Amino acid sequence: MGEHEEKHEGSLMEKLAEKIHGHDSSSDSDNDKPSESSIKAKVFRLFGRERSVHHVFGGGKSADTFLWRNKKISAGVLGVATVIWVLFELLEYHLLTLVCHVLIFALVILFLWSNAYAFINKSPLCIPEVHIPKDPVIEFAEALRFESNLAFTVLRDIAPGRDLKKFLYVIAGLWILSIVGSWCNFVTLFYLVFVLLHSVPVLYEKYEDKVDPFAEKAMHEIKKQCAVFNAKVLSKIPRGPSKEKNKD
């Protein structure tokens, strides 16, 4: 009986050791395999983004509008922008004229409505009060102030020409923007940008797996050409003193 118990205990110990060894080997093999997150991290995304398009646009109601999460709201916003563009561009309305006409129309409607309501119900109409909420206005002003200060800071850093490549990029971008501005006025340019924001992101989100490989090839070719231009032209142009030398 004693020998049988010892053999039984020995076999149990051997089985436990085999299980532990097998678990360790399987965990080592799992560690050797690349994780899904590391594989996804290697996938090229446009502009080097690591988040979804929805998160890039803030992930709130504005992102839902640009990406057509709620088609009624997105279509309504785009429709209002189109009506404003038609009024100012095609019908050549001026802002003051449009505001006055809208106010005249609203006052006439309220006058007729209140008098008809008083005639039918024998009691005056209670017109609801309209107030502009405080918090959204403050948030918009704070966001505008922050972005403006950030733009001024970037321009201040670029102006000395320490980073010549970035300096030339900004000059080229402003020059292209000035050419586009000469083709159309501010209202048309704003409307075109608004339409692009409501069309390009949603199309890119739908076909990003097809667009990103082409974008990767294009970015690789652009970087190659920029490296050649930098070696032949930019490296030979004298630059301003760097920040480290100024600190010394």
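Student: What makes R145 and E142 a salt bridge?

Tutor: In this predicted model, the closest N and O atoms of R145 and E142 are 3.1 Å apart. The cut-off is within 4 Å, from a side-chain nitrogen of Lys or Arg to a carboxyl oxygen of Asp or Glu. The pair therefore counts as a salt bridge. Both residues lie in helix α7, three residues apart, about one turn of the helix.

Student: Why is R145 called partly exposed?

Tutor: R145 has a relative accessible area of 48%. Buried means under 20% and exposed means over 50%. R145 falls in between, so the term is partly exposed.

Student: Which parts does the pair E205 and R69 tie together?

Tutor: The closest N and O atoms of E205 and R69 are 2.9 Å apart, and the two form a salt bridge. E205 lies in helix α10 and R69 in the loop between α4 and α5, so the pair ties together parts that are 136 residues apart in sequence.

Student: Why does F111 count as exposed?

Tutor: F111 has 52% relative accessibility. Exposed means over 50%, so F111 counts as exposed. F111 sits in helix α6. With I104, V108 and L112, F111 makes a nonpolar surface patch of about 400 Å².

Student: Why are α5 and α9 called roughly antiparallel?

Tutor: Helices α5 and α9 pack at an angle of about 160°. Angles over 145 degrees count as roughly antiparallel, so the term applies to α5 and α9. Their axes are 10 Å apart, and the crossing is left-handed.

Notes:
Residues numbered from 1 in each chain as written. Predicted model: local features only at pLDDT ≥ 70, side-chain atom pairs only at ≥ 80, totals over all residues. Heavy atoms only, no water. Patch = residues over 30% accessible without salt bridge, like charges linked within 9 Å, V, L, I, M, F, W, Y side chains within 5 Å. Areas by Shrake-Rupley, 256 points an atom, 1.4 Å probe, with all protein chains shown as cover. Helix = DSSP H or I, 4+ residues; strand = E, 2+ residues; numbered from the N terminus. Buried < 20%, exposed > 50% of the residue type's maximum accessible area, 1.4 Å probe, protein only. Axes fitted to C-alpha atoms, helices over the stretch in contact; angles between N-to-C directions. Parallel < 35°, antiparallel > 145°, perpendicular 65-115°, else oblique. Left-handed = near helix turned anticlockwise from the far one by under 90°.
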